[in-house]
Amino acid sequence: MWVMLQTLNDEVPKYRDQIPSPGLTVFPKPVTALEYSFSMSNPKSYEGYIKDLKKFLEPYMAQEQKNVTGCRDGVLFEQKGPVYVACPFPLTLLQPCSGTDDPNFGYPQGKPCVLVKMNRGGYLQPLVAVQLPFDHSGYGKEVTVECKVDGSSNLKNQDDRDKFLGRVTFKVTVHA
Amino acid sequence: MGFGRKRGSVSPHEPKPSPKSRRGTKTSNKKKTKQKKKKDMEELKKEVVMDDHKLTLEELSAKYSVDLTMGHSPEKAKEILLRDGPNTLTPPPTTPEWVKFCKQLFGGFSLLLWTGAILCFLAYGIQVHFGQKPAKDNMYLGLVLAFVVIITGCFSYSQEAKSSRIMESFKNMVPQQALVIRGGEKIQINAHEVVVGDLVDVKGGDRIPADLRIISSRGCKVDNSSLTGESEPQSRSPEFTHENPLETKNICFFSTNCVEGTARGVVIATGDLTVMGRIASLTSGLAVGQTPIAAEIEHFIHLITMVAVFLGVSFFLLAILLGYTWLEAIIFLIGIIVANVPEGLLATVTVCLTLTAKRMARKNCLVKNLEAVETLGSTSTICSDKTGTLTQNRMTVSHLWFDKTVYQADTTEEHSGKLFGKGSDTWFVLARIAALCNQADFKAHQETVPIAKRVTTGDASESALLKFIEQFHSSVKEMREKNPKVAEIPFNSTNKYQLSIHLQEDSSQTHVLMMKGAPERILDFCSSFLLDGQEYPMDDEMRKDFQNAYLELGGLGERVLGFCFLNLPSHFSKGFPFNTDEINFPVDNLCFVGLISMIDPPRAAVPDAVSKCRDAGIKVIMVTGDHPITAKAIARGVGIISEGSETVEDIATRLNISVSQVSARSAKAIVVHGSQLKEMSSKQLDKILQNHKEIVFARTSPQQKLLIVEGCQRLGAIVAVTGDGVNDSPALKKADIGIAMGISGSDVSKQAADMILLDDNFASIVTGVEEGRLIFDNLKKSIAYTLTSNIPEITPFLLFIILGIPLPLGTITILCIDLGTDMVPAISLAYEPAESDIMKRQPRNAKIDNLVNHRLISMAYGQIGMIQAVAGFFTYFVILAENGFRPSELLGIRLRWDDLFLNDLEDNYGQQWTFEQRKVVEFTCHTAFFVTIVVVQWSDLIICKTRRNSIFQQGLFRNKILLFGILEETLLAAFLSYCPGMDVALRMYPLKLNWWLCSIPYSIFIFTYDETRRFFIRHYPGGWVERETYY
């Protein structure tokens, strides 16, 4: 067993063919499965979501990323190794859902933010924010949202069994 | 009713207890019937008590209030019929087919699987009830278990479908019609209307309609062989000749055959009360014990259940301690117990037994009851019937005495065609008498059949003479044509001789009178004797020689006949009206020629078979209805009484002291007469069975045969009984294994038996013993092999619970092993040749030598199984580590790992896994664990080939089926892993080649480990290793 462990590379797993394509996950973590449900008038009902989002975004705060070397926009930052560095991810990219302008991520306004994260398979962990602007006509109704990684031939999003492979589906219900 | 009253009087609510108190009677009736049944059985086991044969005709007439010439009036007969019921045998309560089927479904091993299945459904039910996301595994497992039991049940049911229909064949023996005299008229009635006291006429060819006391007869002979085992027809006459009703001449028995002559008798018993009816009721009423293999399987189930419950409960407690909820802990408990059930073993055992049964059938042992396959191997005592089993059931001339010399004849089954090489003229005369003064004849169209095998008419002795002369002298037909018979007095029990007069062969137109019969009677007729063809006057010396020869031949248990002749004077020339009723010719001063003795000789293969049984530690007891002298002679002939051993009587004769002076213990052999046995208590019988190695029971009744079997069983022996007659059937049924004769056996005996020797050859039993012992050994191996993989199947679940790691092996993969890859290899062990000469060792002691003992369990579970489990976990950890999850990371990961909505579980490299991706890796691990078990089972299979020998002694390639088994399981494993679509169907995934290789070192280790263990067993007999690990 010990010998076996010694044969392993500390940096790269021997086989990576089990996760050729990343899965998508959403934040905040819904309480029940993948259904968000809260009431604008009741802060307690979304308190948890906000907390969760804040906690998730903590590592992305500017002071946490100050050691990360910059990358230029629009250009592929190719690295040769053996030491790899990550690019900074300014929270501002998330715009209204960054939490910087709106610490409540739009929940009290009925415009909840949901972050969709692509699983890290190696070093990438792209993040996309979804804000769902509900108006009074939508209150109390369940809205199903499906996010897919599209347009990339090597990223699967149609697996029969894995509902999170390159896609994620969640439901949101906002009560007044 | 007594119970009812008693119960009633106790109850305060019933002030005046009615004897018909319903509750009371019901229970008491139940008790009573049970008691009554038991009592009846005891009653049936007793000897037939009857005094009708001792009564005079007047007493008889009074007893049955019937006129011995007119018979019953039709009205009275009707009355009695109403009172006694019809003259038929009560059929036994038949077991409906579905009950038999259910017995197959719910017996022994199946019960274990059913329990497993029910537990599975229970666990599933609990999960559903408490709203957990039910893992369907439990339900599937339950279904599969149920399926396996049902399939195996159907299989064994169809194998045993030809099960016993004892009473039916008894029914077939009931005669259809009977000729009775009622109101002075002879009328033909249905046999079941015959009543006690009826006057019945029987003639040659009839079946006796009821037990009859003969009141008049004419040359009547009956064939009692189906009842007493006596192979020759017995003459019947009104005289009371013996105390024993079975031996006296004036009783005829229900469903025996009248061979010749006529007789009239009074019915003394009908239906179930007849002697035959009693045997039938006895046979069908006997409780049949468990077969040894069934007992072994029960023992095995106990062991397995103990292990399962122990593991289950300990891990239940552990789970509670580890903070699992009660519900989870109970699910774990059930899971662990079920995981211990060897799903495939039932099928494996059944198939192994079937294979052996098939193999035995090829060797002429037809097994009716699958479990009986092994019983013969455990047998420690064989009670063998003599006639037809040990002997050829064919009277054969064995010795001749003429010219004052004893000549021996060839009695083997294949007579060598040599002429009886005697140039003596006396032989010529003797042969002529034997051929001419003989009523037997060959049936037509048998020219191509060997003489010994030809069918004849006439009684056994005459046929024996006929065949002997035909074989060793010349054509009897020609002799009879040349010497036509002109007069004849057939043999009868008063005369004890047979006489015939023939025209001389030469043209002298004179006659010769020939006579044969009981030697002492014949000698009385003679005044001269023939020596080397010359006639000498009878003298004392000749009389003495005759006596010696008669005693000598008689002492060999042979039937001796004397022969003499007289050339009639010339005035009895051709055309003389010989009158045999009022004899008008001389029948004295005959010339004595010689003696011929006959015996039903032992079968050629029997002595060898008996000695093989001896070597195998099996005691062979002869139990026969025949006379002690004959029985003893045959026993000596076949080695049941071995050469050097003596009976008490032998010792007494040798030392010239009285029998009472000889200590019974000093004699190795003993011949017990049925009448002695009758007087014995069961303790005395036990003593005989214990103290004497070589036992012959002679003149035994069917009931006594049964008592002997029970006596042996009481002493702990596993008893095999061989027999062919109806009289043997109670013993056959009671025996641990009843063996009937296929050719000569009566239908009843075949029905009562568990096994049928198709060639009637006792030697086939030896084959049966060998096969039985082999399958017992091989079943051990098979079970050891199958149980081993239980450990690598259970431990994943245990560690899943304790360490909280992702489940290393799932239910589906476990089933793939138990019902897939393990099956053929386990069955292939049934083809394994014996490790040593299994016919040289003692029969196993049913109390100590179990099929599955704790050593087998500890070897399979504790040692080999553990190594296999380690191999499996190694592969499992390798796969997970190589995919990013190091062992340390896995500990306690269970809840997060199995969380359906946690789709970004991080591994040691920071890779994030969706639930489904994790599951694919997990199922890949299952597949790899499965493949690992297959690989380590290769070496397990090879080490299970032997229990003591090295593989290199046993030969790795001798068992081709086993090699096929290895190939098959490997291909199956590869198929399951690589076949496209398996990921969807069974959730099994393709493996990388090096994951196959992970387990190879462990496989080699298992092989070396066990080779070493067996090395110690061989080289240090009785040492620690043998004591602790030899299973």
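Q: How many cavities of 30 Å³ or more does the structure hold?
A: The count is 5. Keep in mind that this is a predicted model.

Q: Take the second largest cavity. How much space lies in it?
A: About 70 Å³.

Q: Which residues line the second largest cavity?
A: The lining comes from chain B: Ala784(B), Thr788(B), Leu856(B), Met859(B), Ala860(B), Ile864(B), Asp940(B), Ile943(B), Cys944(B), Asp1010(B), Arg1013(B) and Tyr1031(B).

Q: Which helices each supply at least two residues of that lining?
A: Helix 28 (763–788), helix 32 (854–882), helix 35 (915–944) and helix 40 (1000–1019) of chain B. The largest share is from helix 32 of chain B, with 4 residues.

Q: And how does the lining divide into nonpolar, polar and charged?
A: It has 8 nonpolar residues, 1 polar and 3 charged.

Q: Switching to the interface. How many residues does the contact take from chain A and from chain B?
A: Chain A gives 33 residues and chain B gives 33 residues.

Q: What area do chain A and chain B bury between them?
A: About 2,800 Å², with 53% of it on carbon and sulfur atoms. On the chain A side, Tyr15(A), Gln18(A) and Arg161(A) lose the most area to chain B. Together they make up 26% of what that side buries.

Q: How many salt bridges are there between chain A and chain B?
A: The count is 2. In a salt bridge across the two chains, Lys117(A) meets Asp904(B), at 2.5 Å from N to O.

Q: What about residue pairs in polar contact across that interface, how many?
A: The rule finds 6, with both residues at pLDDT 80 or more.

Q: Which elements of chain A give two or more residues to the side that touches chain B?
A: Helix 1 (2–6), strand 1 (24–27) and strand 3 (113–118) of chain A. Strand 1 of chain A gives the most, 3 residues.

Q: What's the make-up of that side of chain A, by residue class?
A: There are 15 nonpolar, 8 polar and 10 charged residues.

Q: Zooming out, how many salt bridges are there over all chains?
A: The total comes to 46. One of the salt bridges pairs Asp626(B) with Lys386(B), where the closest N and O atoms are 3.1 Å apart.

Q: Where in chain B do Asp626(B) and Lys386(B) sit?
A: In distant parts of the chain, 240 residues apart. Asp626(B) is in the loop between strand 21 (619–623) and helix 21 (628–638) of chain B. Lys386(B) is in the loop between strand 9 (381–384) and strand 10 (396–402) of chain B.

Definitions and conventions. Residues are numbered from 1 along each chain as its sequence is written. Chains are lettered from A and ligands numbered from 1 in the order in which they are written. This is a predicted model: local features need pLDDT of at least 70, side-chain atom pairs count only at pLDDT 80 or more; totals for chains, interfaces and linings use all residues. Side-chain values use heavy atoms; hydrogens and water are left out. On a 1 Å grid over the protein atoms alone, a cavity is a set of points where a 1.4 Å probe fits but cannot get out, and a pocket is an open set with protein on both sides within 12 Å along at least five of seven lines; lining residues have an atom within 4 Å of a point. Grid points are joined across faces, edges and corners, and a volume is the space filled by probe spheres set on the points. Ala, Val, Leu, Ile, Met, Phe, Trp, Tyr, Cys and Pro count as nonpolar, Asp, Glu, Lys and Arg as charged, and the others, Gly among them, as polar. Contact means heavy atoms within 4.5 Å. Buried area is the accessible area (1.4 Å probe) that two parts lose on being put together, summed over both. A salt bridge is a side-chain nitrogen of Lys or Arg within 4 Å of a carboxyl oxygen of Asp or Glu. A polar contact is a pair of N or O atoms within 3.5 Å; within protein, one must be able to donate a hydrogen and the other to accept it, and residues adjacent in sequence count only if both atoms are side-chain atoms.
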